[in-house]
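Please read the following report alongside the sequence and the 3D view.

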Amino acid sequence: MNQPSRLGEIGRAGDDHVVPFQVETLDARGRVVQLGPLIDQILERHDYPESVARLLAEATVLSVLLGASLKFEGKFILQTQSDGPVDMLVADFSTPGSVRAYARFDRERVEQAVAAGRARPEELLGRGILALTIDQGAHTQRYQGVVALEGQSFEEAARVYFRQSEQIPTDVRIAVARQVVPTEGGRRERWRAGGIIAQFLPDAPERLRMPDLHGGDGDDGSGPADFDDAWGEILALLGTIEASELLDPTVGPERLLYRLFHEHGVVVYEGVTVIDDCSCSRERIRSILDGFSAQEIADSIEDGTIRVSCEFCSKSYEFDPAEFDAG
Ligand SMILES: [Zn+2]
């Protein structure tokens, strides 16, 4: 990490920029972000039902907050698999700051859930798993941590994950909203999302490194929390955050950090700008098709070609069936 700065020294971070911070007197570190154009573009492209978009925005904020801690070139993948109307969410973060995300859902079940007033994020997910994977390339081991989704929010799932898998006291706050903004010649609705993560790291900043990721040790995450005073203070301060503070561009990450921690001497670090950027390519899609059986290739042919669109960015790729042995 580069040189710390007092708040105000690095200027306003603005949207789509992750700001790392440290509150030394409370042994806490964290990151805060407000997603503007990035999350709006991802969600508008897919035209998801509002409740699904909201859920995917939460997943994306969490992925950005966690992925931005990668110290080396690599990828952070947040994925859910569950039995609710939204059965899969994927939000990827690739260094230095590429983000992509998509949701898989059953439209009819989502509509039923909305009509029945059961469309809170945890209700749309249902029961299943949240898997967090770190992939730092072919020459390193891939690390994956898994936490059960049992009707809790993403915020709570993340707290449980860090308690179980890393034994690091962690708190996360996430907010998502669709806001009306003035544009040239009118008004339109835009998605915004924001979040903050704080971790208690008394004397070993090395523990932030993700290679510690491994399965739980029998801790079911429900045991009593032995918070010391410093961490208790952090939790109390984070508990005062309003959703609007995480979303309002006129507040911004620095002003929020100042409001929360200025009495304790918060410093911020040069952060990372995140962009809406998919890593799909013709070669990658092709390599997936290469793994198809003859029958699967035959089944994929329509009007003499194989058309595949990327689930993340909707880009469409066409292949000649003759390119494949099976074709
Ligand atoms: Zn793509």
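This is a predicted model: local features need pLDDT of at least 70, side-chain atom pairs count only at pLDDT 80 or more; totals for chains, interfaces and linings use all residues.

Residues are numbered from 1 along each chain as its sequence is written, and side-chain values use heavy atoms, with hydrogens and water left out.

## Zinc site

Four cysteines hold the zinc ion through their SG atoms: Cys 278, Cys 280, Cys 310 and Cys 313, at 2.3 Å. Donors here are N, O and S atoms within 2.8 Å of the metal (3.2 Å for Na, K and Ca); water is not among the atoms, so sites may look incomplete. The angles among the 4 donor atoms run from 104 to 116°, and the site is tetrahedral. That label applies to four donors if all angles lie between 85 and 135 degrees. Along the chain, the donors follow the spacing C-x1-C-x29-C-x2-C. Cys 280 sits in the loop between β13 (275-276) and α9 (282-290), and Cys 313 in the loop between β15 (305-309) and β16 (316-319), so this pair ties together parts that are 33 residues apart in sequence. Helices (H or I, at least four residues) and strands (E, at least two) are DSSP runs, numbered from the N terminus.

Are these cysteines buried or exposed? Cys 280 counts as buried at 18% relative accessibility. Cys 310 is also buried, at 8%. Buried means under 20% relative accessible area, exposed means over 50%, and partly exposed is in between (1.4 Å probe, protein chains only). The structure holds 0 disulfides; a disulfide would be a pair of cysteine sulfur atoms within 2.5 Å.

## Salt bridges

How many salt bridges does the structure hold? There are 23. Each is a side-chain nitrogen of Lys or Arg within 4 Å of a carboxyl oxygen of Asp or Glu. Three of them are listed here.

| Pair | N to O distance |
|---|---|
| Asp 40 and Arg 190 | 3.7 Å |
| Arg 286 and Asp 290 | 3.5 Å |
| Arg 307 and Glu 318 | 3.1 Å |

Take the Asp 40 and Arg 190 bridge. Asp 40 lies in helix α1 (residues 37-46) and Arg 190 in strand β10 (residues 186-200), so the pair ties together parts that are 150 residues apart in sequence. Asp 40 is buried, with a relative accessible area of 7%. Arg 190 is partly exposed, at 31%.

Arg 286 and Asp 290 both lie in helix α9, 4 residues apart, about one turn of the helix. Arg 286 is partly exposed at 25%. Asp 290 is partly exposed at 46%.

Arg 307 is partly exposed at 46%. Glu 318 is partly exposed at 41%.

Salt bridges can also share partners. Glu 44, Glu 50, Arg 54, Arg 178 and Glu 189 are joined in this way into one network.

## Nonpolar cores

A nonpolar core is a set of buried Ala, Val, Leu, Ile, Met, Phe, Trp, Tyr and Cys residues joined through side-chain atoms within 4.5 Å. The largest has 67 residues, and Leu 35, Leu 89 and Phe 154 touch the most other members. Helix α2 (residues 50-67) gives the most to this core, with 11 residues.

Contact means heavy atoms within 4.5 Å. Beyond its neighbours within four places in sequence, Leu 35 has contacts including Asp 16, Thr 60, Val 61, Val 64, Trp 191 and Val 274. A second, separate core has 26 residues; among them are Leu 26, Ala 175, Leu 257 and Leu 260.

Val 52 is found in helix α2. It is buried, with a relative accessible area of 0%. Leaving aside neighbours within four places in sequence, Val 52 is in contact with Val 86, Ala 103, Phe 105, Val 110 and Leu 124. Its C-alpha atom is separated by 9.0 Å from that of Arg 104, 52 residues apart along the chain.

Arg 159 is found in helix α5 (residues 154-166). At 17% relative accessible area, Arg 159 is buried. With neighbours within four places in sequence set aside, Arg 159 contacts Thr 170, Asp 171, Val 172 and Arg 173.

Methods
Four donors count as tetrahedral if all angles lie between 85 and 135 degrees; four count as square planar and six as octahedral if opposite donors are over 155 degrees apart and all others between 65 and 115; anything else is irregular.
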